[in-house]
Structures are given as structure tokens and as C-alpha cells.
Amino acid sequence: MLFVELAAQGLVQGSIYALIALGLTLVYGLLRILHVAHAAFFTLGGYVGVLVANQTGSLAAAIFAAMMVAGVGGILAFRLCYQPILDQPPFVPLIASIGLYIAAEELFRIVFGAQGLTYRNEFLQGQVVLFDFLRFKHAEVVVMLGSAAIIGVLSLLQIRTRIGIACQATVSDPQMAESFGVSRRMVGDINFFVGSALAAFAGVMVSLLNNLVEPTMGSVPSYKALAIIVLGGLGSTRGALAASLVLGVVESFGTVYLGQLLDRNAIAFAFLIMILMWRPHGLFARR
Amino acid sequence: MDYEISLATTMAISVLFALSLNLITGFCGQISLGHAAFLGVGAYTSGMLVKAGIPFLLTLPLAMLFSGVLGIVVGLASLRVRADFLAITTMGVGFLFVGVVRQQEIFGAEMGISIVADPGLSKPEFMLLSVALAAATALFSTYVRRCWMGRVFGAIGEDEDTVRVLGIDVPLFKLTAFAIGTALAGLAGGLYAQHLKLIAPDSFGFIESVTVLSMVVVGGIGSVTGVAISAAVLSVLPSWFQFIGDYKLLVYGGLLFLMMRFSPGGMAALVIRLSRSLGKGAK
């Protein structure tokens, strides 16, 4: 029974990772940038969510506001921070991004305090009992179904709409796409908007699960999500999704069976290093 | 006077540590986001040995040896993965180090270990030793950059494949860079442990790796003088200005971002550009 419980917990965690990693992978596929500051939008989502929810008492409004604010923030990050340094060697945007994330985390701490904020109302705390040994909080169910739905809709949009196809074209051959009249800037805006909004949704969900929003809540997901997109083969959406779920499950089993030896982060990264030594370009490398 | 001596020691250790990363990232172009792990290996090696009764000065070479060997192991990973993949792998190494140390009772787990044994050096002597070692490292770095090996490092950083085509044994040079850089980080670690007398896993985590990277980047990647100056200034900035102390990470993060955004070559490039434009103005 422990086995099923651990697998279920792993899948919940994996769905959260997937929501964060998806945005990261979109950005990487397009710009070849490791966008560490992505996790700042996860935290931002959490804060906007909790503030709006406590003001209005409506969870839907909170989620909507969080996603919009983070999405616009994502576009700003792209325009102001990344676009001017795209032609530099890859470590330049990487280090800039790390700097941005650290500064953002400190800003959250300075503005909202180090202790963090909690929800005044109880949202989605009820339980679903599947069997005696398998219970989910409502929030956990929403996370799993929500991420599945969002990812399904997104991949449909990507195949069926003109804008989706334009995005795909830009990723596979930026110059050719541009000569067909696709604006790289617009594609960048869309990717950053969607990615950051997804991260914000994950932020609201995680803050509901823990009933806590704190400045450092993004730090672990940020490094973890990087590990995930690397694990999945950089820029591969399918790979990132698979890697999220795998990593979630590996972690939840690892902490039980290897907890004496390594902590949770170390287990995730040991797994990452092992996979990379075996397949240096990740699990689902393109070409 | 004690305070100044302690500050000078901190400065010297930071310079030594930053220069060690500069060898790997600056000279050879291999980005490392887990360099603090090697500071940690050096610190724990020296600290544990001093506790076991071995004279402090003797533990320093051992700390270098241990870190260097571990550095070669990580260097082997750098042969398999490149660029962004390498950055993430080294980051993973950093997390692995902290994760392992944190769970082991012999390393004092979460609390770390405190070193009460006397190093056999007075405070000023210890400062002189640190400064001398940092200066020696700076000289050594300058020498490495000028010699044949340093030129190959530079070429590998620029374009690895071309160097390989020229018939140069790229893996050997990469491993050498990792071995030297991490051994020097281990040396810095040994000094660090003795200077602070208390080491805990969190002192060697991701934040510390990023801090040292920011010193290198702000100074100007690859520039020995630039890195030495920026490491010296950034390491004592928080103690000089108490108000910065509270916002230390905000300042570091902001500096890192602004530097990359507006002058990716760091201070060194900024100074060169300024002096050029001044030169033009004078004419």
C-alpha cells in the first residue's frame, strides 16, 4: 500500500514540476536560454494569488489575476532582460538570469516579509477518498487534472492554430519563419506569457497545498525545473513532461528508501547526473 | 586591529577562491555552478584532519589533493556534457555535496563541525599566509595564461571542435583545468575552515557558488586583475556597509544581472572601454 501512496504523491509532485518545466522548456526551445528567473514567476503567482484571494474571497479570481500578472511580467522579462543579450555567448543570459532570480527572491522578502503569507479562507482542502489507503486533497486533484488539461489544450493549440504553427516554425528555423512573416518578437512574447502564466498557476496550487507563500518557495522548483528540462532533452516538450513525472516519482521513492544517505534535492540531482552520463543530451534529445 | 586583520583574511581567501574558479570558467570556458562544493571538500578535509590532531599546515596540501581528485572526477563529467548541460551537471554536483554532508553524522550533519584546535599561527601570521597564498595564486594564474597551456585553454573556451581538429588532446587540457582550479578551491577551503572555525553544509551551497561566480563575472571573466579586485571588494562590501549586509543578496543579484545586461565582459571590459573613449577624447 505504501507503494501506491508513494507513486500517487510522486505524480502530484510531478504534475507541479510539469507546469513549471513546460514554460522553461518553451523558452529554451525558442531562445536557447536557461531561464532560471522563471521560478520568480512561480513565486509571484503565489503572492498575487494569496493577496487577491484574501481580498476578494474568490479562488477563481485569484488564479486568473496570478496568471495575468505573471504572464505580463514574463513578457517584460523577455523584452527588457533577455532580448538585448541574445547574441552573447550562452553563459551571459544564464548568469543574468541567476542574478535576476536572486534579486527577485530578495525583493519578495523585503516587500512581503520573510515569514510568508497564508490564506484566510480554506480552499480545496477537502479530501477525495479513492480507497482506504489512497486519499487526495482537492487541491492535489485540481493540480493533476489541471495540468493534464492545460497541457492537452496547449498541444492542440500548437498543432491547430496559425499562431501555434508559427511558434513551432520559429523554433525549428527562426530565419525561415521570419521570412514567411512570423515576428520573432511576437512568438517570444507568447512563449513567455504562456510559460510564466503556467508557472503562476503552479505557484497558486503549491501555496494552496502548503497554505503558505514564502519568498524562498521558488528556489527548489527553479533548480529542479532546470534539472527536468535537461533530463528531458533541452527544448523537448514531451521529454520535459515525461521527466517531470519520472522525477516526481523517483524523489518520492528516493526520500523513503535513500533518505538516510541523501536529502531530497541530492536524490534528484544524483538521478540527473546518472542519466546525463548515460545520455549526455537527455532522455528525448532532438536530433 | 583585530577586525582589520580578520577582514583582510576574508578578502584574501575570497580572492584565492575566485581565482580558482577563474581558471576553469575564465580561462578554459567551462562554466561551473557548483564550485563551492570544492571549497567545502577542502574545508571539511582540513577541518576533520586538524580535529584528528594533524598540524594545520600539513592539512592544506591534503585538502588540495582531495579537492583536486574530486575535481578530476567532475572534470570527467565535463568531457561527456557541454555548455548548458555542463552548467546543470555542476550545479547538481553542488547539491549532491550539500545533500551528502547534511545527512552524515561524521560531518556533523546539519550543524557542521567546529574546529577548536590551534593552527599554530597567530591571527596576523594567518592573515599573512592567506595573503601570500592569494598573491601566489594570482601570479600563477598570470603565468598560466601566458604559457602554452593557457593558450590552449583559451582556444578550448573559444571553439573546442577546432582545437580538437588541430590534433590537441582536448580532454587532457580540460581535466588539467579542473584539477588545478578545484585543488586551489580546496586550498581556499582549508583556510576558510581555519579562519571561521565553524563549517556547516549551507556555507557551501548554491548561493555560495553563485556568489563566487558573480565575483568572477563582475571582475571580468578571464581577467586576473579584474577578478582579484572584484573578489576583494565584493567579499568585504557587506561588512563595510551594514545596510548592504541586510540586502547582500539583492546587491549581488542585481550586480550580476546589470553587469551581464550592460557589460558582459565585466569591470575589465568596462575599464578598457572607458580608457579608450578617454584616450579618444584627449586627442
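Predicted model: local features only at pLDDT ≥ 70, side-chain atom pairs only at ≥ 80, totals over all residues.

Trainee: Why is B:Met64 called buried?

Mentor: A residue is buried if 20 or more other C-beta atoms, placed from the backbone, lie within 10 Å of its own, exposed if 12 or fewer, and partly exposed in between. B:Met64 has 27 C-beta neighbours inside 10 Å, so this residue counts as buried.

Trainee: And why does A:Ser58 count as partly exposed?

Mentor: A:Ser58 has 14 such neighbours inside 10 Å, and therefore counts as partly exposed. This serine lies in the loop between H2 and H3 of chain A.

Trainee: What makes a stretch a helix, and where does B:Met64 lie?

Mentor: Helices (H or I, at least four residues) and strands (E, at least two) are DSSP runs, numbered from the N terminus. B:Met64 lies in helix H3 of chain B; chain B has 13 helices and two strands.

Trainee: Which residues is B:Met64 in contact with, leaving aside neighbours within four places in sequence?

Mentor: Two residues are in contact if their C-beta atoms, placed from the backbone, lie within 7 Å. By that rule B:Met64 contacts B:Ala183, B:Gly186 and B:Leu187. B:Leu187 is also touched by B:Leu16.

Trainee: What makes B:Leu16 stand out in the largest nonpolar core?

Mentor: A nonpolar core is a set of buried Ala, Val, Leu, Ile, Met, Phe, Trp, Tyr and Cys residues joined through C-beta atoms within 7 Å. The largest has 185 residues, and those with the most contacts inside it are A:Ala200 and B:Leu16.

Trainee: How do we describe the packing of H2(B) and H3(B)?

Mentor: Two packed helices are described by the angle between their axes and the distance between the axes. Axes are lines fitted to C-alpha atoms, for helices over the stretch in contact, and angles run from 0 to 180 degrees between N-to-C directions. Helix H2 (residues 36–51) and helix H3 (residues 56–80) of chain B pack at about 145°, with axes 8 Å apart. In chain A, H2 (residues 38–56) and H3 (residues 59–82) also pack at about 145°, with axes 8 Å apart.

Trainee: How many residues of the H2(B) contact with H3(B) are nonpolar, polar or charged?

Mentor: Ala, Val, Leu, Ile, Met, Phe, Trp, Tyr, Cys and Pro count as nonpolar, Asp, Glu, Lys and Arg as charged, and the others, Gly among them, as polar. That contact divides into 10 nonpolar, six polar and no charged residues.

Trainee: How many residues of chain A are in contact with chain B?

Mentor: There are 36 in chain A, meeting 33 of chain B. The largest share of chain A's side, 12 residues, comes from H4(A). By class, that side has 30 nonpolar, four polar and two charged residues.

Trainee: Why does the radius of gyration of chain B agree with a compact globule?

Mentor: The radius is taken over C-alpha atoms, and the globule rule is 2.2 Å times the number of residues to the power 0.38. With 283 residues the rule gives a value near 19 Å, and chain B has 19 Å, so the two agree. Buried residues make up 54% of chain B.

Methods: Residues numbered from 1 in each chain as written. Chains lettered and ligands numbered in written order.
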